[in-house]
Amino acid sequence: MRIGILCGEYPPSNHGGIGSFTKDLAEGLAVKGHQIIVFGIYYEMYLEINKQQEEVINNVRIIRLPFKRYTKNSYINEFLNRLRLFKFAQNLISIYSLQLIEAYDSTGMLPFKLKVPLITRLHGSVTYFGKELGRPYSRYTSFFEQCQIKKSDFVIGVSKYVLNQSMRYFHMKAKAIVVYNSLNTSLIQTDLNPHRKNYILYFGSILPKKGVEQLVRAMGKVLMRFPQFSLVMIGKSFKKPDGVDYTSYLYSLLPIGLRYKMEIIGHMSRDKLYSYISNSYCCVFPSYTECFAIAPMEAMALGKAVIYSKLHSGPELITEGQDGLLIDPDNVEEICEKISFLISNRDVLDQLGQNAALTIRTRFDYNNWLIENERVYFSLLDRK
């Protein structure tokens with residue numbers, strides 16, 4: 001097959017879960033003999049470029065387009081960039097004889113009807129997160145997301161939860177299926193009994209919706225009981241509406257005498273991140289909403305005991321007490337108690353880590369995942 005995949009954060013640019021996901025999917029399909037073109041518009045937060053860039057990495061052709069500011073009006077700029085991306089996609093279809101294109105749902109970057117089938121994969125739209133968190137969101141952006149969903153020939157949810165909720169929010173009528181995320185574990189050197197260092201690790205975007213404030217508050221209590229431990233947080237952050245740096249705000253949540261026990265590090269390469277994960281004591285992700293997050297899967301694949309949210313798709317990944325622990329992200333005391341429990345029970349920690357690695361390698365096997373994605377693509381092309 002000849003497949004185009006939309007991605008505006010493909011590694012090694014700054015990226016989040018969608019970038020990591022797309023890399024695993026694109027390279028896996030390329031190894032299986034498919035021709036893969038990854039393309040997208042890059043906002044400055046992901047990559048600062050002023051002209052089109054093109055390269056081939058591991059047999060995947062990546063085309064990066066800069067976000068253009070045509071006017072001072074942000075609404076017009078957003079529309080014109082989507083129109084530009086649509087025309088670019090149409091040209092790619094002609095040049096490379098692409099048979100289908102896959103896009104992510106967030107921001108609705110392809111809201112127009114293409115010459116080939118369009119698959120939208122639900123990684124978490126602006127509409128989804130806005131409604132899930134009960135917070136204001138851009139109705140302008142939501143309009144583009146709604147248009148893209150309507151123009152899609154097929155929709156893939158990365159969890160049952162995100163598919164069911166998105167069907168409600170968008171009144172979806174497109175054919176849809178759940179295909180859980182996976183990891184290419186062949187790239188991960190797993191030592192299920194590493195020499196653990198005394199730090200609790202969080203990694204991912206450092207945002208309020210990830211529950212990081214509650215984690216810091218909980219760690220303030222943990223550190224009073226176990227002063228030999230510390231907290232490490234890795235990921236890109238932002239500035240609050242009042243201009244205060246969010247990382248500075250997080251430090252302020254700890255008592256002054258404990259602030260040196262927390263380290264916040266910016267974005268880093270996957271290889272370096274895996275080293276931090278492997279050496280950590282355990283990993284905690286008290287997120288308020290996710291679709292099917294890659295971060296806890298990476299920690300589990302590396303044999304780490306994971307404390308994850310019992311909300312959203314958390315129970316679809318982790319079975320409480322078997323291959324991880326689940327918490328209510330609003331319950332600071334529960335987060336504190338479960339971290340403290342793992343610190344006090346090394347045997348449970350080790351068993352959860354071993355079971356977690358087994359879960360990733362069985363339920364979320366990478367090769368089976370690639371086959372499942374191929375099956376979806378072929379079925380769509382057969383119908384067409």
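Trainee: Which residues of α4 are buried?

Mentor: Bear in mind that this is a predicted model. The buried residues of α4 are Thr141, Ser142, Phe144, Glu145, Gln146, Cys147, Gln148 and Ile149.

Trainee: How far does α4 reach from its first C-alpha to its last?

Mentor: It spans residues 139-151, 13 residues in total, and reaches 18 Å, close to the 18 Å expected at 1.5 Å a residue.

Trainee: Which residue caps the N-terminal end of α4?

Mentor: Ser138 does, with a side-chain oxygen 3.4 Å from the backbone nitrogen of Tyr140.

Trainee: On to the sheet. What is the strand order?

Mentor: The order is β3-β4-β2-β1-β5-β6-β7-β8, an open sheet of 8 strands with mixed pairing. At the edges are β3 (53-57) and β8 (175-178), each pairing on one side only. From one strand to the next, the twist averages 20°.

Trainee: Do β3 and β4 run parallel or antiparallel?

Mentor: Antiparallel, with 5 bridges joining β3 to β4 (residues 60-66). Glu54, for instance, has Ile63 in β4 as its bridge partner.

Trainee: Which strands does helix α2 touch?

Mentor: Helix α2 (residues 74-96) packs on the sheet and touches β1, β2, β3, β4 and β5. The direction of α2 makes about 165° with that of β2.

Notes
Residues numbered from 1 in each chain as written. Predicted model: local features only at pLDDT ≥ 70, side-chain atom pairs only at ≥ 80, totals over all residues. Heavy atoms only, no water. Pairing = 2+ DSSP bridges. Helix = DSSP H or I, 4+ residues; strand = E, 2+ residues; numbered from the N terminus. Axes fitted to C-alpha atoms, helices over the stretch in contact; angles between N-to-C directions. Contact = heavy atoms within 4.5 Å. Expected span 1.5 Å × (residues − 1). Buried < 20%, exposed > 50% of the residue type's maximum accessible area, 1.4 Å probe, protein only. Polar contact = N/O pair within 3.5 Å; in protein donor to acceptor, adjacent residues only side chain to side chain.
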